Amino acid sequence: MAPAQLPQELYLNRELSWIRFNQRVLAQALNPRTPLLEQAKFSAIFSNNLDEFFMVRVASLQSQLHAGVQTLSEDGRTPRQQLEEIRQQLEPLLQQQQDHYRGRFKASLAEQGILLLDYEQLSRKQKDWANSYFQTSVFPVLTPLAVDPAHPFPFISNLSLNIAVTIRDPNTRQRQFARIKIPQKNLPRFVSIPPELHGGRTPQPLFMGLPLEQLVAFNLQRLFPGMLIEGHHFFRVTRDADLELRELEADDLMQALEQGLRKRRMGGEVVRLEVADEMPQELVEQLMRGMEVDDFDVFRINGPLGLDDLMGLLAIEAPQLKDAPFRGRTPLQLRTTQSSQLEDGSLQYQDFESIFRVIRRGDVLLHHPFDLFSTSVEEFVNQAADDPHVLAIKMTLYRVSKNSPIIAALIRAAENGKQVMTLVELKARFDEDNNIQWARQLERAGVHVVYGVLGLKTHTKITLVVRREQEKLKGYCHIGTGNYNSKTSSLYTDLGILSCNEELVDDLVDLFNYLTGFSKQKEFRRLLVAPVTLRRRMKELIQREINNARSGKPAAIKAKMNALVDPDIIALLYEASQAGVSIDLVVRGMCSLRPGMGGISNNIRVISVIGRLLEHSRLFWFANAGEPELFLGSADWMPRNLDRRVEAVVPVLNPNLCVQLEWLMQLYLDDQQAWLMQPNGTYVVRNPEAEGPLAQRELMELWSLRNAPGEVPARLASIPGAAATVAPCDPGASDPTTTGQNDPADQPVG
């Protein structure tokens, strides 16, 4: 099928759509219903997201502008027009963030015993302590850099917080400029004042802190003894951090990437200069000249810079100001009757002796973080590493946590004599350095490490385990939507399937050959694989719904993803809407489709769910004339996922699991605090006053109930999967009633 031509007015700019997504993140910080320290978290996420947006997306547009590129975006904008509108939409959001921080947020924190004080608010004793702390813990690591004919303008590193100091020589009366970098990477942004200096307040404050940059600013005389300090002003720099790798010219991809990382750390072009609002224009212009920055790239900020450091406030011991703690549970199918009591009083069930036996009884659906990653995916890899019948483990790694149990298990498997292959994606943005270190550690342990397919990122999340059973080889697999990352598995919502379906296993064997060898695989039995079959098959599935609608058959599409920006898919969805297909989309971030336009997309509804957990799962449901088909996997509907990455989307073959996922999809679609997308690309909260149903909260409560011992609680009786029903995943699979050491597949061989 040839790509459809999409009129410019029917496509929303992806960069501006991203800003609206980050606006929804900021709204969580501004919402008084959000617990106070969670407000700090969302404000920090907003700032961190914005840093990456400038380092990558804005940097790309600026590169196009400086190169004279006049190619229009899908919605008909030049690079310059996009940059201008980005700035226009960002400035009020930045002001909202600062107004919130300096106003209601700090005042509310103070009412709860958390005092974020300015230096001038400190008492004499507190200032004495702060100045002493500066002398012993801060002063030794500072390096003031002068700017004069003998000292050129210093390099300002990416995302660094700095002080621009104007000083005057009392003898010559000559004015000079110096720069001081705030060591916020090595020291806490908010310096904690000891409780004994809290001034006898009643009740005793939980925390009293002073911004590190203010501590430095009010001790400048110690850095410039004998000089007159005329003024100080804060500024912050963001640089182009995208890595451009010419893989075809690189003999060693890892070496080329390491060179690129060194370049990133040194910094590319400056793409944003943030300055304190009160900084004199003369000083701003000096910074602009020193860093070759245009006036268009300067942002005046009325408040503290670098609010991503607000994340550090979550370390304060104040549970009443945070979300109630939530811990997932071992999936029902993996539990035994054995249990132990956790500190919070809940029960934690132990695993079956053999996870492979459980998988033979039927596919296992995993929904993280509600289903614990540690007692499901990690347990799968751990048991594979230690099981004497397992011969080989193959796995793709995109983003991995530090001190990863997955890495430890793979190393242990190699030491146990198993064939272990991992594909480590070195080009995972902002995780490149971490992945290089993991790759070297795995190689030293004897693991076969490959780095992916030339010209493509490997984004798929797949694991294949090969086990000898009754003189035959049997495969087991995990296919998911999220990374094999222990840390993010408790923060992101992701789906996965454990299966021993023979066709899926055979597909994974072929896919790993595609990744590691010179295979030019063109078809797969069950898997939808990008860039080979995924785009074509997704378009066929949408087209089938169009044909069914035109034939008077039931036709509907429901999909959940992170982003929807592919013009070809959007055009087909418009056609489906006009044919009468009912389309419901849950799109967390960017969405370039315009829903609800009469005669064009009036049958399309788009919502965005932003909450405590980062929605990361991808799920696709097609009515198929009353016989629904359902898929989950690693790909969004974006050109990069469909054409420039290796992705895997798996059909859900077990009818019981399909029912569970249909219920889950509807739970999200019914979320009363979801954001409804309007035809012009803006969003409104469906029901700001609603207490429920709220998808994430409902899932947390239900999973807590599922942990209860004994019979299934009444509230769960109507929830699909509450009783953990499973069906055989293969015709002729091991008898589902076979358990314990009597399972012949678990007996020693020979």
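User: Taking a cavity as a set of points on a 1 Å grid over the protein atoms alone where a 1.4 Å probe fits but cannot get out, how many cavities of 30 Å³ or more does the structure hold?

Analyst: The structure holds five of that volume or above, a volume being the space filled by probe spheres set on grid points joined across faces, edges and corners. This is a predicted model, in which local features need pLDDT of at least 70 and side-chain atom pairs count only at pLDDT 80 or more, while totals for chains, interfaces and linings use all residues. Residues are numbered from 1 along each chain as its sequence is written, and side-chain values use heavy atoms, with hydrogens and water left out.

User: How much space lies in the second largest cavity, and which residues are closest to its centre?

Analyst: The second largest cavity has about 120 Å³ of space. It is lined by 15 residues, with S47, L94, Q97, E274 and G306 closest to the centre; lining residues have an atom within 4 Å of a point.

User: Which elements give two or more residues to that lining?

Analyst: They are α2, α3 and β8 (270-276). Helices (H or I, at least four residues) and strands (E, at least two) are DSSP runs.

User: How do α2 and α3 pack?

Analyst: Helix α2 (residues 36-66) meets helix α3 (residues 79-111) at an angle of about 160°, and their axes, lines fitted to C-alpha atoms over the stretch in contact, are 11 Å apart. The two helices are therefore roughly antiparallel (over 145 degrees between N-to-C directions). The contact of α2 with α3 has 18 nonpolar, nine polar (Gly among them) and one charged (Asp, Glu, Lys or Arg) residues.

User: Turning to the sheet, what is the strand order?

Analyst: Six strands form an open sheet in the order β2-β4-β3-β7-β8-β9, and the pairing is mixed. Strands β2 (145-147) and β9 (298-301) are at the edges with a single partner strand each, so one side of each has no neighbour in the sheet. From one strand to the next, the twist averages 30°.

User: How many bridges join β3 and β7?

Analyst: β3 (residues 161-168) and β7 (residues 228-239) pair in the antiparallel sense over eight bridges, where pairing requires at least two. In this pairing T166 stands opposite G231 of β7.

User: And what is the class make-up of the second largest cavity's lining?

Analyst: That lining has six nonpolar, four polar and five charged residues.

Key
Axes fitted to C-alpha atoms, helices over the stretch in contact; angles between N-to-C directions. Parallel < 35°, antiparallel > 145°, perpendicular 65-115°, else oblique. 1 Å grid on protein atoms, 1.4 Å probe; cavity = no way out; pocket = protein on both sides within 12 Å on 5 of 7 lines; lining within 4 Å.
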